[in-house]
Amino acid sequence: TILTLDQTGTFPISQLNRFTEGRLLLSDFNDLGTAFDFASLTDVTGTRIEIDDVDVAFPALANASLATFDVTTSDLTLPTAMIDATSFIARDGSTISLPNAVDYDAGVGPFVPGGGRVISLRAEDAGSQVLLPNLTLLEGVGSNRVSVDIDAVDGGRVDLSSVSTFRDMGAGFTVYSVFAEGIGSQVDLSSLQMIEEIDVNQFNLSHTLEATTGGEIVTPLLTSLTDTVLTLDETGVLPIAQLEDFSEGQLFFNSSNGPGTEFAFSALTDLTISRVEIENIDVEFPVLANATLTAFDVSTTNLTLPATVIDAASFIARSGSTISVPNAVSYDAHVDVNQVVFYELSLRAEGTGSQLLLPNVALLDATANDRVPVRIESVAGGRVDLSAVTTLSNNGLAGSVTTYNLLADGVDSQLDFSALQ
């Protein structure tokens, strides 16, 4: 059923105790101070509720699962603790408050074919808030494919300050996307300690943390990330100094205002099976030890990595950048094909002044049973320093094939293999 009410209509709502799988549209366009009191309503499962500039009360509401609350220019407090797979959207300075909710299962409900279900916890515009201050767990337990989008934009705020875990443990998958954009926008995850996957989803879909153009994601306790895309620019705020390991994900850094902004991963020791893209911004990894199976793609800035373990890593320096890895003494090109989606390794300097410096690597080898092309390339004036390498070796098992493809193309392009025997 679709039920539409404004300040001029009359409908007896106080006796309603269930309103499920429908739409409830409530408004007060003439600002007459109309209020709607659903005094007996306990269950709105599966219902979309749109509230625009009107006071609405649901004092007896017990079950709001699989519903959507879209609230504009109004404040709404819901007493229910049952909000599984429900969306909450606050607009134009509205506040949606759910003080009694303590857990949230995004995976409940009937199976949704195709792309699955998208759930939104969103505050947009200055002063808008979605408040779930006592929620401790977000999880996906069912068989659905679910995307949980947690967004604060244009000055909005989402309070999930007690959530300690995002969990994906269903037969389907649950992907969490956290986005803060605009000055004053904030997603408060100040208790979040982990994004936990009981079974890695087979669709290679990653969780997302993105803070840009003044937005802030508060995660001071998050020390480990897996299968996550992390995006930062020079204005976004997201604490990274406490991160200790990052695997099977992607790191994106960009500055439209030129070099000078700095991101320091002060505690990060392991950065594995990932992709790192850095453009026009300074990024530091001062204690990084292990960069196995990670691809670094760097433009218009310099990057020094202290890592000693760089097996099957790729390094691409572009647009005058320098990538320096002074502590690595060997490089094993083996790739675990069960984990990695790229099978071609690249050591490349591209563009005038671009440099890839691996001055102390003495051995390039391949010891696993993989078929791996290693492309070592200097183009358009770039330079690759492998001046200590004495041997290009393939010591893998029978049937393994590792090929080294060397290319120097363009004036002043250079591959330095001055010790190669």
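**Exercise 1.** Is Thr 300 buried, partly exposed or exposed?

*Solution.* The model is predicted: local features need pLDDT of at least 70, side-chain atom pairs count only at pLDDT 80 or more, and totals for chains, interfaces and linings use all residues. Residues are numbered from 1 along each chain as its sequence is written, and side-chain values use heavy atoms, with hydrogens and water left out.

Step 1. Buried means under 20% relative accessible area, exposed over 50%, and partly exposed in between (1.4 Å probe, protein chains only).

Step 2. Thr 300 has a relative accessibility of 35%, so this residue counts as partly exposed.

**Exercise 2.** Locate Thr 300 and Ala 312, and state the phi of each residue.

*Solution.* Step 1. Strands (E, at least two residues) are DSSP runs, numbered from the N terminus. Thr 300 lies in the loop between strand 30 (295-299) and strand 31 (302-304). Ala 312 is placed in the loop between strand 31 and strand 32 (314-318).

Step 2. Most residues other than glycine have a negative phi. Thr 300, however, has a positive phi near 55°, and the phi of Ala 312 is positive, near 60°.

Step 3. With a relative accessible area of 0%, Ala 312 is buried.

**Exercise 3.** Identify the strands joined to strand 17 and the partners of Ser 177.

*Solution.* Step 1. Strands pair if DSSP finds at least two bridges between them. Strand 14 (residues 145-153) runs parallel to strand 17, with 9 bridges; strand 20 (residues 207-212) is also parallel to strand 17, with 5 bridges.

Step 2. Ser 177 in strand 17 is the bridge partner of Asp 149, and Ser 177 stands opposite Thr 208 in strand 20.

Step 3. In strand 17 (residues 173-181), 8 of the 9 residues are buried.

Definitions and conventions:
Helices (H or I, at least four residues) and strands (E, at least two) are DSSP runs, numbered from the N terminus.
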